[in-house]
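Reader: Hi! Could you walk me through this protein in plain words?
Author: Happy to, just ask away as we go.

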Amino acid sequence: MTNDTGAIELAVIGGTGLYQLADLRDVETHQPVTRYGAPSGPVRVGLLDGHLVAFLARHGEGHSLPPHQINYRANLAALDALGARRVLALNTVGGITADFGPRVLGCPDQLIDYTWGRISTICEEPGTEVVHVDFGEPYTRSLRHAVIAAAAAAGVALVDGGCYGATQGPRLETRAEIARMRRDGCDLVGMTGMPEAGLAREMGLDYACLAIVANWAAGAGPDPDEVITLQDVLDNVAAASSGLPRLIASL
Ligand code: HPA
């Protein structure tokens, strides 16, 4: 199984409801163990439309890992070790502002980190060199632009820009928390955007987020009393994801 160069052109990290990449062919399975431990599960490497793509399910293929227990460092280090240089993170999110209703796809350009207690740097171990990476633009500009161009070429609607707020989970947010996040400037809310994006920058990987809006965040939709159910989340992710293989192949 190979493309022309044998190099992985893109690594995709799948979020809630996205445990495999449809249309991946001639799949080889890798079980890497990194200096940070084991990733969430196997890395599947295969051909998508002739391009070599790696896929890793962030929560594990059976969704066994809550957001705060994911070994984000091992996941990225595993993809890095396989030679991936570009990482597309698929993140299931709630929508806060008007452009981001259920089933919308977005490619945010900013983020705010509300998570706590997660290992958020590769400088954790005693003796490691301390790095202070620039993170003013948290997603790699060239990869974001490539994602937006790929969506356009594939005929997949995608909102360009927006601010992703990363919360601790696994519970969803209160209405007051979402109201505060809106005041802070967040458009989207999810539980896995950080520390992943920061670690990718520390490891020198290109990284962009493709956010899949599964629901209105608490109190953000037309019905302020709406209760968010897992079934709604999964149904909306499934519906919104139909164009993803096309978009990724185009990318
Ligand atoms: N909040 C946080 N994370 C999420 C949500 C939400 O409303 N929906 C899907 N992931």
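**Helix 1 and beyond**

Author: Let's start with helix 1, where Y72, R73, N75, L76, A77, A78 and L79 are buried. Buried means that 20 or more other C-beta atoms lie within 10 Å of a residue's own; with 12 or fewer it is exposed, in between it is partly exposed, and the C-beta atoms are placed from the backbone. Helices (H or I, at least four residues) and strands (E, at least two) are DSSP runs, numbered from the N terminus.

Reader: Before we go on, what kind of model is this?
Author: This is a predicted model, in which local features need pLDDT of at least 70, side-chain atom pairs count only at pLDDT 80 or more, and totals for chains, interfaces and linings use all residues. Residues are numbered from 1 along each chain as its sequence is written.

Reader: What covers them?
Author: The cover includes strand 1 (10-14), strand 3 (43-48), strand 4 (51-57), strand 5 and helix 4 (196-202). After helix 1 comes G83, whose phi is positive, near 100°.

Reader: Which strand lies largely in the open?
Author: That is strand 2 (residues 25-30): of its 6 residues, the number buried is 0, so it lies largely in the open. Strands count as paired if DSSP finds at least two bridges between them. E28 stands opposite V45 in strand 3.

Reader: Now the inside. Which residues have the most contacts in the largest nonpolar core?
Author: They are V12, V87, L88 and L210, in a core of 72 residues. Strand 11 gives the most to this core, with 9 residues. A nonpolar core is a set of buried Ala, Val, Leu, Ile, Met, Phe, Trp, Tyr and Cys residues joined through C-beta atoms within 7 Å.

Reader: What does V12 touch?
Author: Leaving out residues up to four places away in sequence, V12 touches L21, V53, F55, L88, L90 and I248. Touching, or contact, means that the C-beta atoms of two residues, placed from the backbone, lie within 7 Å.

Reader: Is V53 buried or exposed?
Author: V53 is buried, because 27 other C-beta atoms lie within 10 Å. V53 sits in strand 4, and among the residues it touches are I8, L10 and L48.

Reader: And R171, buried or exposed?
Author: R171 is exposed, with 9 other C-beta atoms within 10 Å. R171 is in the loop between strand 9 (163-166) and helix 3 (175-184).

Reader: New topic: which residues are closest to the ligand?
Author: The closest are G94, V189, G190, A214 and A217, out of 14 residues that surround the ligand. Near here means that a residue's C-beta atom, placed from the backbone, lies within 6 Å of the molecule. Strand 5 (86-95), strand 10 (188-190) and strand 11 (206-216) each give two or more residues to this shell, and the largest share, 3 residues, comes from strand 5.

Reader: Last one: how many helices and strands are in the protein?
Author: The protein has 6 helices and 11 strands. Of its 251 residues, 44% count as buried, and the C-alpha atoms fill a box of roughly 50 × 45 × 30 Å, taken along the principal axes.
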